[in-house]
Amino acid sequence: MPKLGSNIIGIESDRVTNTHSNDFPAYSKDIGEAWDLEAFKKKFQLNISYITERTANFDLIGLDTSIANAFRRIMISEVPSVAIEFVYMFNNTSVIQDEVLAHRLGLVPLKVDPDLLSWVDPNAEEKEKFTDENTIVLSLNVSCTRNPNAVKGDNRPENLYKNSNVYAKDLKFEPQGRQVETFKDHPVVPCDPNILLAKLRPGQEISLRAHCVLGIGADHAKFSPVATASYRLLPLIDIKEPITGKDALEFQDCFPSGVIGINDKGEAYVKDARKDTVSREVLRHEKFNGKVKLGRIRDHFIFNVESTGAMLPEEIFFKSVRVLKNKADYLRNCPIGNVE
Amino acid sequence: MTSKNEAMDELLKPMYKGKALTDPINTAKDKWNLVPAFLKVKGLVKQHLDSYNYFVDVDLKKIVKANEMVVSDVDPSFYLKYLDIRVGYKSNGDREKPEVVLPPHECRLRDLTYSAPIYVDVEYTRGRKIIIHRDLEIGRMPIMLRSNKCILHGRSEAEMAYLNECPLDPGGYFVVNGTEKVILVQEQLSKNRIIVETDRKKGIVQASVTSSTHERKSKTYVVAKKGRIYLKHNSISEEVPIVVVLKAAGVVSDMEIMQLVCGDDSAYQDLFAENFEAASRLGVFTQRQALEFIGRRVKTVRRMNAPRLSVLQEGLEAVATTICAHLTVARRDFRQKAVYIATMTRRVVMAMQNPKLVDDRDYAGNKRLELAGQLLSLLFEDLFKKFNNDFKANLDKILRRPSRASEFDALLHINIHSNNVTMGLNRAISTGNWSLKRFKMERAGVTHVLSRLSYIAALGMMTRISSQFEKSRKVSGPRSLQPSQFGMLCPADTPEGASCGLVKNLALMTHITTDSEEEPIRRACFMLGAQDIGQADSRVLHARGSFGIYLNGTMIAVTRYPGAFVRRFRLLRRSGRLDAFVSIHTDLQQAAVHLASDGGRICRPLIIVDRGVSRVTARHLALLRDGRWGFDDFLRRGLVEYLDVNEENDALIALYERDIGQLTTHLEIEPFTVLGAVAGLIPYPHHNQSPRNTYQCAMGKQAIGAIAYNQFRRIDTLLYLLCYPEQPLVRTRTIELVKYNRLPAGHNATVAVMSYSGYDIEDALLLNRASIDRGFGRCQTLRKNTALLKRYPNHTKDIVGGMRLDGSGRPIYQHSALGGDGLAEVGSMVQSGQVIVNKCVPTGPTGPGGPSGGGNSTNPSGRGPGGQSRERESATSSFQESPLVYRGPVPSYVDQVMLTVGDNDQALIKVLLRQTRRPELGDKFSSRHGQKGVCGMIIKQEDMPFSDQGICPDMIMNPHGFPSRMTVGKMMELVSGKAGVLRGTFEYGTCFGGSDLSEMSKILVSKGFNYGGKDMLYSGTTGEALQAYIFFGPIYYQKLKHMVLDKMHARARGPRAVLTRQPTEGRARDGGLRLGEMERDCLIAYGASQLLLERLMLSSDAFDVDICQGCGLMGYNGWCPMCKSSQNVVKMTIPYAAKLLFQELISMNIAPRLQLGDVF
């Protein structure tokens, strides 16, 4: 059992120990009565592993679980993004039903900066609800025809017919009012152009207009700007007794490659615990009983944010910080919170 | 034939675990490829198709042959003779291209019957001339889909698509009046076989035989009562001593009787000797005396004008035709019949001596399965006889007329009755009532509507067997699983409750035989050196060491070398000289060799083993793989043969190649074929507790998924479809064989086995809201609404009215879904109370007789000018709206509107309404292991636990579901599925095989996951790691058809029953929720009298009555008609039901008088 206040989570073969977070005021005498900003500033680190267009991987070290989890939760459900919400069908003679097509359209991630739009007032009159400030209009007009130049003998539908597959890229942006100006440089397009929406055959057509509005993941998963946003804790491998020779190789095999290295003496050492997936395979082997201790560091969060493409992943994280800050501000300004 | 099974070819290509054509072949592992080869030849519902084909091609001709002559009682020179009968093609037509007027799907849509004409060729006399007329249509025969008379027979997938048919649909059913009807397989005790039974209580040993011929059905018993043996028959008024019967059958010598019954066994002789005394005491010594003895006791049912027979003739007739009617007596040669009755007697004597020698009624070898073909053949013969009788009656009536204007032509009169045949067949199939005049048989519930809830439900229905036993009897025998059913009937697939064990399902490789000719078999027997009993001395029949040879239960020969005989006979069969489905087995106890060629026996193919070596070798399997050999080649070359249940008893069958010993005769093709098509969906079923597999068999049929490739073209009464069906990650061989992976019903849900929130107790499931948002469990319900525009005798007809407009020129609320033509527009939303089809019925003097229906009919004059009114104004009669109104808690969308003409030229309108539903609280889900649960809570994604990879579960299942259910297969499915996902393969959970669990675990470890499938998760709400490791991975989950939206119901006030004025019952009638007697008891015990009064009377059927305190009876308006006074009349409130009771009692001359007293 790690001692009180230890920030190492124990990974046993059948359970996880010491899981509770403790980085908050009055948790124990050792830590002190009040939360100290200066101490936090000293302790806190942000290390970025890599950031690409769609993914960001970074470490937050030295903050309480509740805060890290709040970021995760906010990224999933409260950072606003734009998605198709209203679909007006003019004609749909395809096999896919109106509702299903609309549902599929809604899930298509759109490349729109959510800051360029304002919120739709749900209580407004139907006619005044949608303006050029809060709504983006997309349209989809596809009809399938036979391909007159089809190669004989090739029976693939893509060859025989034109527009046999309807893709997300077929959605056309129709700028309204001032949007001609504001969206001049970066017109609204789906993040992934090749999402299959429907399949058509000659004589069938789809004609519709879609209104895209601002929303949050709590309303519907389609408004969530992340494919996933989560964290894991940094693994810790503690070799208590030296493991050498054949056992070392076996020990190495219990972990993903690159986690355990073997030095010149043939002794296993921890090369890169971060690469470990904590499969606990080593705990199944009796011969390593007592020789190794697994754990995870409770205040070292390895965040992984995968964007759907609408926003950059780091931007999503910053927005989550902003949302959390706003919430805190709101609470601070609440009458109840101000009671001395 | 080659192109039709593209899918099957594709299946044959990848061998076990993706072996390519060049890979080495391992017989032990690859012999399962015989299963798809078998199914390619046989198909999943081949039993039905074979049976129907046999009926149409062979049996029909036999029936006509047996009833070929129609002669007149009046004119002896007239005759009509049927020469031939054909279904679906003319005499000069192509039998491969059947004449079917409409394709099956059009029949489904237009409520028609999918049928083909029945043609006969007749020869008859007209005056002096004999005329042959060909291709006379005598009716229409419903066609079984995919049979050889169906236009779908042998079509390729593209052709099937052109005909709007699903290539995966198994066929084997009929389309009658637009509904798909299946004739279920009926299980019966075998006909024409001796069954010996004992009744311990009454001390009776009896042998019975149910004789069934085309003409009649009767049952003959040989009963031993108090040591004496009698013959019992329904048409003989009392039991006849057996010696008398045998004497009547021509065995006059007591010595010979003794030889025929007892052989030389002294124990049997002692038991039987008593019977001779009985005969001599009756004074019956000669055949004539015996016949007269029987003749006096025959119950005669003679037709009116048949001549009276003498007692002797009656006796002769009885012995020749009534007793054991299935044996025909030619030229008064009773020898065969005498031997038969003697054999029955011998079996009784044997059972008397050794009570163990009785037959088991539940033994699968004593069962015969009656299929669509046999049932139709019974029905058709009945109808054909009726047809001929009607024709004859009609004929006689005309011929009896003294002077006829023109020469009589029978053809002009034959067609009048052709409707009887058509209607008779249609009615029987559509109602399921099989009533046969000649057998006095009435059987209800023979046909069922094909369940199209899911693909597997339809498939399961085609393999179903229903038993003839009554459900009420409390015998467990017929319900329990018989060891002899192994490999023939599915051990898991049976319903629970009332019909448990009585309704069964066929296993995957089962074949049901059709009748085959007896004559070649008989000849083969004699050729193999058996001695004909016609020539044999009675002494040798039951001599020690001599074996009787019985063909379909009748002794035809004897042999002294049964071993050699059986061996040679099998050689003949394996070499293809005899029908492959003839079975032969030796019964040492009876000293008999039984041959069977009758239809309805259950059998299955097995690999033949020779001297410890399987005949199927790697070389043969290579030929199979290359597509050069089919299953029939294996059969023809004697590598594989069919064994029926009886012959299985003669075989020693090895389960695996390694088990083959010196005495082994056969080898199983593949052990997983013991299960049927429905139980085959379960992964790792051999690790589950057996009832769980049974539960899944019931639930698999309720799963929503894809139904058929033509599902969007169908207009069914109720159709459930899944928006995004997924094929299971853990498959089985059966899934591939039945092509469930192409029409799946379920989702691969990522499941976390943990407790969370407390809303998951009692098997409830927690769903992830984001998963639902993304399409998990999203389904559609499609409901049909039909309107028929009738024509009336007075030349008026129903019409479709236009829409009515309100003042501002817009359609009124009720009509907002309608188009200008009065039909709902496709794609529009319909809300409760809105009209789908604005049907109008003619009224007034010319109308169909008063207003009919039309609940919310309004004055037609109120309709707006925009409505389509031209037709209505031009019509002389006025119309009243009788619209089709949509009712439902949530709006629907119009999916399709079909306008067509039905059977009798009446316009038929079908509107298909669609609802798209996402899973909600209370919807039912189930895994493939009999673990059902309802959705207990829908949880936000961010509240869900997540793993290191950021994976959130789609579903959380409570771990308490495991210990008591013991569904280890489900856990194995999770581990295999998880490994498969990580590796990018489908894993197999085939019964008695499948992917090896330790191998799966190794994959998990190599991909960085825990060996046991348990992951470390973080709580979604606190973000902290969970203290327990969570079993986490994909499990295939089915959404079941039970959804809250279809069940929710509440009522405050509402309709009441007319008679009792109490609230109606049931959701469909918007009924109340009953406060039942047990609830009432609680209230009484608690003493809540005012609540009782309120619940039971005031909220139900309170009624104010006037009661006369003088006479105690009820009056009205403060007046008592009995006392003629209003003096003592008081008012009080009683339940209307009580008032009704009083009045009913009064009507029975009982006067209930009420004496009232003050309570307070």
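With 4% relative accessibility, B:Glu641 counts as buried (under 20% relative accessible area; exposed is over 50% and partly exposed lies in between, with a 1.4 Å probe and protein chains only). B:Arg573 also has 4% relative accessibility and therefore counts as buried. The model you are looking at is predicted, so local features need pLDDT of at least 70 and side-chain atom pairs count only at pLDDT 80 or more, while totals for chains, interfaces and linings use all residues. Residues are numbered from 1 along each chain as its sequence is written, chains are lettered from A, and side-chain values use heavy atoms, with hydrogens and water left out.

B:Arg573 and B:Glu641 meet through their side chains in a salt bridge of 2.7 Å, N to O (a side-chain nitrogen of Lys or Arg within 4 Å of a carboxyl oxygen of Asp or Glu). B:Arg573 sits in helix H19 and B:Glu641 in strand E27 of chain B, so the pair ties together parts that are 68 residues apart in sequence (helices, H or I, of at least four residues and strands, E, of at least two are DSSP runs, numbered from the N terminus).

Now for chain A, where A:Glu12 and A:Lys293 form a salt bridge at 3.5 Å, N to O. A:Glu12 is partly exposed at 28% relative accessibility, and A:Lys293 is partly exposed at 37%.
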